[in-house]
Amino acid sequence: MAKFPKPPEGSWTEHYPGLGTDPVSYKDSIDPEHHQHEIDAVFMNTWIYVGRAERLPRVGSYFTRELPWAKRSVIIAKDRDGEVRAFHNICRHRGNKLVWDDYPNEETSGTCRQFTCKYHAWRFDLDGTLNFVQQEDEFFGINKDDFGLKPIHVGVWEGFIFINFADEPSDTVEEFMGEMGTGLAGYPFHEMTERWKFTAEINANWKLFIDAFAEFYHAPVLHQKQATEEEAAKLLGYGFEALHYELHSPHSIVSSWGGMSPPKDPNMVKPMENAVRSGLFGPWDKPGVVDELPPLMNPSNHHAWGTDTYLIFPNLMILVWETEWYLTYQYWPLESGKHFFEAELHFVPAKNATERLQHEFATSIFKEYALQDANTLEATQKMIEAEVVTDFPLNDQEILCRHHHAVVREHVAAHQEGRPVNYPWQAAATS
Ligand code: FES
Ligand SMILES: [Fe+2]
């Protein structure tokens with residue numbers, strides 16, 4: 001497994017020859033044609049995260065996902081053998097949406113023995129088999145075997161459920177996760193089942209918003225109000241350097257300090273945080289479910305490690321915190337200048353009111369800071385769309401931004417040229 005300690009000379013970026021150090025064109029974030037190519041080449045052709053396995057606790061558990069970028073809705077369900085299945089959410093009789101509750105465009109979840117269509121009551125088993133047709137003898141000798149639900153390829157890595165719309169996916173989920181998958185396996189994600197979710201439609205390209213979460217260079221500036229005034233001034237004075245960056249194309253990692261969970265000095269944070277023992281970096285007290293970190297977590301083995309961000313291509317981020325909780329972000333393209341953002345905080349379930357308060361407090365502070373990024377990125381999108389400036393200098397801390405744009409562009413090019421994708425910087429990586 002390629003693993004780079006802090007480079008003794010040169011930079012993180014220069015350890016990946018071929019990635020380049022030149023300014024980067026952001027045309028890929030404003031061009032409607034490129035947006036459509038991304039949908040076809042990337043989103044319709046790779047493993048896409050749709051939800052955690054804990055959402056399917058028993059046989060018959062299901063949830064739906066609305067995926068407007070694909071003009072599709074999907075059902076994810078646990079069948080009688082305990083296998084996770086995925087289907088297109090369309091009835092094979094006359095195309096009604098099969099699973100929904102009060103509003104057909106909203107996602108839903110629940111438990112059932114079978115899926116019954118609301119239109120003419122055709123019934124489908126949990127494995128997709130059509131097992132009941134109302135007044136079947138009026139259907140001219142219909143063979144029910146020919147009209148099961150349309151399946152979708154599904155794969156599960158460490159409880160993260162992925163689907164793939166390709167007819168024949170070019171890899172399995174394990175192959176797709178690659179060294180990232182092996183290096184992060186074993187973390188007790190499955191213990192962290194208390195979930196808090198936010199969604200927002202944001203007027204910025206999906207990759208631009210990923211950029212804002214893939215570097216910490218902006219943190220002491222954009223988020224300075226998160227700290228006390230005195231502390232913010234100090235942080236601004238130092239600037240910020242994360243601990244470690246590593247590429248496992250198409251995926252990547254940035255590892256960083258914790259700092260405030262708990263803070264070294266109580267004056268670093270606001271009085272409310274001291275009272276609750278929780279804040280932007282999560283609750284200060286660990287639930288104690290992590291024995292040993294998997295090898296790729298805290299990759300620099302730093303004693304002041306606080307959080308790792310794993311950018312799983314194309315649109316999932318997992319942030320694991322030293323204090324034993326994690327965040328997931330997803331960025332769904334809607335238009336070249338618009339995307340749908342989902343954020344979920346995952347905690348070990350609270351055992352008492354104090355813990356519950358700590359979780360709620362961390363959640364509400366998180367929302368405030370995500371909004372700070374959202375405002376900024378909507379303004380950025382407007383500016384780059386004018387094309388007065390087209391190329392932007394990215395620094396060494398912005399290596400994940402540089403890499404992610406490059407990977408997406410490579411997938412689009414490979415798709416158009418009908419060849420396999422190729423990450424030349426990865427093959428040439430030097431330690
Ligand atoms: S459309 Fe579903 S039963 Fe007719
Ligand atoms: Fe931010």
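This is a predicted model: local features need pLDDT of at least 70, side-chain atom pairs count only at pLDDT 80 or more; totals for chains, interfaces and linings use all residues.
Before you start selecting: local features here need pLDDT of at least 70, side-chain atom pairs count only at pLDDT 80 or more, and totals for chains, interfaces and linings use all residues. Residues are numbered from 1 along each chain as its sequence is written, chains are lettered from A and ligands numbered from 1 in the order in which they are written, and side-chain values use heavy atoms, with hydrogens and water left out.

**Stop 1: two helices**

Helices (H or I, at least four residues) and strands (E, at least two) are DSSP runs numbered from the N terminus.

Now show side chains. From H3, Leu-208, Phe-209, Ala-212 and Phe-213 meet H7 residues including Tyr-369, Asp-373, Leu-377 and Ile-384, where contact means heavy atoms within 4.5 Å.

**Stop 2: two cis peptide bonds**

Go to Ser-249 and Pro-250, joined by a cis bond with omega near 10 degrees. Pro-250 sits in the loop between S13 (244–248) and S14 (251–257). Then move to Phe-313 and Pro-314, where the peptide bond is also cis, with omega about -5 degrees. Pro-314 belongs to the loop between S17 (305–312) and S18 (316–321).

**Stop 3: two positive phi values**

Most residues other than glycine have a negative phi, and most peptide bonds are trans. Pick Asn-298, whose phi is near 50 degrees, in the loop between S16 (282–283) and S17. Asn-298 counts as buried, at 9% relative accessibility. Next pick Ala-121, with phi near 70 degrees; Ala-121 is partly exposed at 25%. Buried means under 20% relative accessible area, exposed over 50%, partly exposed in between (1.4 Å probe, protein chains only).

**Stop 4**

Ala-121 lies in the loop between S7 (114–116) and S8 (123–125). Select these strands along with S9 (130–132): the open sheet runs S7-S8-S9, with antiparallel pairing. S7 and S9 are the edge strands, so one side of each has no neighbour in the sheet. Finish on Thr-116, which stands opposite Arg-123 in S8.

Methods. Two strands pair if DSSP finds at least two bridges between them.
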